Amino acid sequence: MRPTQWPHPLLQAYWESGTHAAEGATQPAIQNLLMHLLRLVDAPHAVELGVWKGATSRWLACGLPPGGRLELVDPDPGCLHVAADRVGALALPITVTTHQQHTMDYLPTIPDTVRFVFLDDDKAQIPEKLGLLTARLPHCVVAIHDLETIGAQIWKDWNLIPLRVASDPSGGDLGLTSW
């Protein structure tokens, strides 16, 4: 899926250079979908759990309204640095905060103002992670990347809606749930 109108020239350059494929980043079709989901739910505060090299971080940033907040969580300081730099290069009117932590250490402190979570870290402990999110956040949309890796029972237990991006040759998938 190639957007007809790019949310930012740096995203277009990234896509056209092929860097996303070389970095093993989340598929661009999924990144674009996440940006539009953020816009649809009008989430002023979002969190990305597991940032890798910040490709999806930039699309999430573009989905936030002016004055929005994006929190990036990853135990790897190198990944956090690259992701924060890439989001900062967009010069958007948002606040970006980094947390060098494992997801399970961060979730008990997640601010209750968060309305959108992209979970793209280690898929271990998904039920526990979702349990912490529901306990801390009164209303939230959660997107889980690589849904096929977590098992069908978790899909059923958490009422996850599986989405397959057919236009993506790598067959990227995403699971969505909300409360």
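A polar contact, as used in these legends, is a pair of N or O atoms within 3.5 Å; within protein, one must be able to donate a hydrogen and the other to accept it, and residues adjacent in sequence count only if both atoms are side-chain atoms. This is a predicted model, so local features need pLDDT of at least 70 and side-chain atom pairs count only at pLDDT 80 or more, while totals for chains, interfaces and linings use all residues. Residues are numbered from 1 along each chain as its sequence is written, and side-chain values use heavy atoms, with hydrogens and water left out.

**View 1. His-45 makes a polar contact with Glu-71.** The two side chains pair up at 2.7 Å. His-45 sits in strand S1; strands (E, at least two residues) and helices (H or I, at least four) are DSSP runs, numbered from the N terminus. With a relative accessible area of 2%, His-45 is buried, a label that means under 20% relative accessible area, whereas exposed means over 50% and partly exposed is in between (1.4 Å probe, protein chains only). Not counting residues up to four places away in sequence, His-45 touches Leu-64, Arg-69, Glu-71, Pro-111, Thr-113, Val-114, Arg-115 and Phe-116; a contact here is heavy atoms within 4.5 Å.

**View 2. Thr-103 makes a polar contact with Asp-121.** Look for Thr-103 in helix H6, which covers residues 103-106. Its side chain comes to 2.3 Å from the side chain of Asp-121 in that polar contact. Thr-103 counts as buried, at 7% relative accessibility. Setting aside residues up to four places away in sequence, Thr-103 is also touched by Leu-49 and Lys-129, along with Asp-121.

**View 3. Helices H4 and H5 cross at roughly 40 degrees.** Two packed helices are described by the angle between their axes and the distance between the axes. Here the axes come within 8 Å; they are lines fitted to C-alpha atoms, for helices over the stretch in contact, and angles run from 0 to 180 degrees between N-to-C directions. On the H4 side you'll find Ala-55, Ser-57, Arg-58 and Ala-61, which meet Ala-83, Arg-86 and Val-87 of H5. That set splits into four nonpolar, one polar and two charged residues, where Ala, Val, Leu, Ile, Met, Phe, Trp, Tyr, Cys and Pro count as nonpolar, Asp, Glu, Lys and Arg as charged, and the others, Gly among them, as polar. H4 is largely enclosed by the rest of the structure, because nine of its nine residues are buried. Among those buried residues are Trp-59, Leu-60 and Cys-62.

**View 4. Trp-52 and Ala-91 each have a positive phi.** Neither one is a glycine. Trp-52, with a phi of about 45 degrees, is in the loop between strand S1 (45-49) and helix H4 (55-63). At 45% relative accessibility, Trp-52 is partly exposed. Ala-91, with a phi of about 55 degrees, is in the loop between helix H5 (77-88) and strand S3 (95-99). Ala-91 is exposed, at 65% relative accessibility.

**View 5. Helix H3 has the span its residue count predicts.** H3 runs over residues 28-41, and at 1.5 Å a residue its 14 residues should span 20 Å; the end C-alpha atoms are 20 Å apart, so the two agree. The expected span is 1.5 Å times one less than the number of residues. Buried residues of H3 include Ile-30, Leu-34, Leu-37 and Leu-38. Just past the helix, Asp-42 takes a positive phi of about 50 degrees.

**View 6. Gly-175 is buried in strand S7.** S7 covers residues 173-178, and Gly-175 has a relative accessible area of 0%. Ile-161 is 14 residues away along the chain, with 5.3 Å between its C-alpha atom and that of Gly-175. Leaving aside neighbours within four places in sequence, Gly-175 contacts Val-142, Ala-143, Ile-144, Leu-147, Ile-161 and Pro-162.

**View 7. Ile-126 is buried in helix H7.** The helix covers residues 126-136, and Ile-126 has 1% relative accessibility. Beyond neighbours within four places in sequence, Ile-126 is in contact with Leu-119, Ile-144, Ile-150 and Ile-154.
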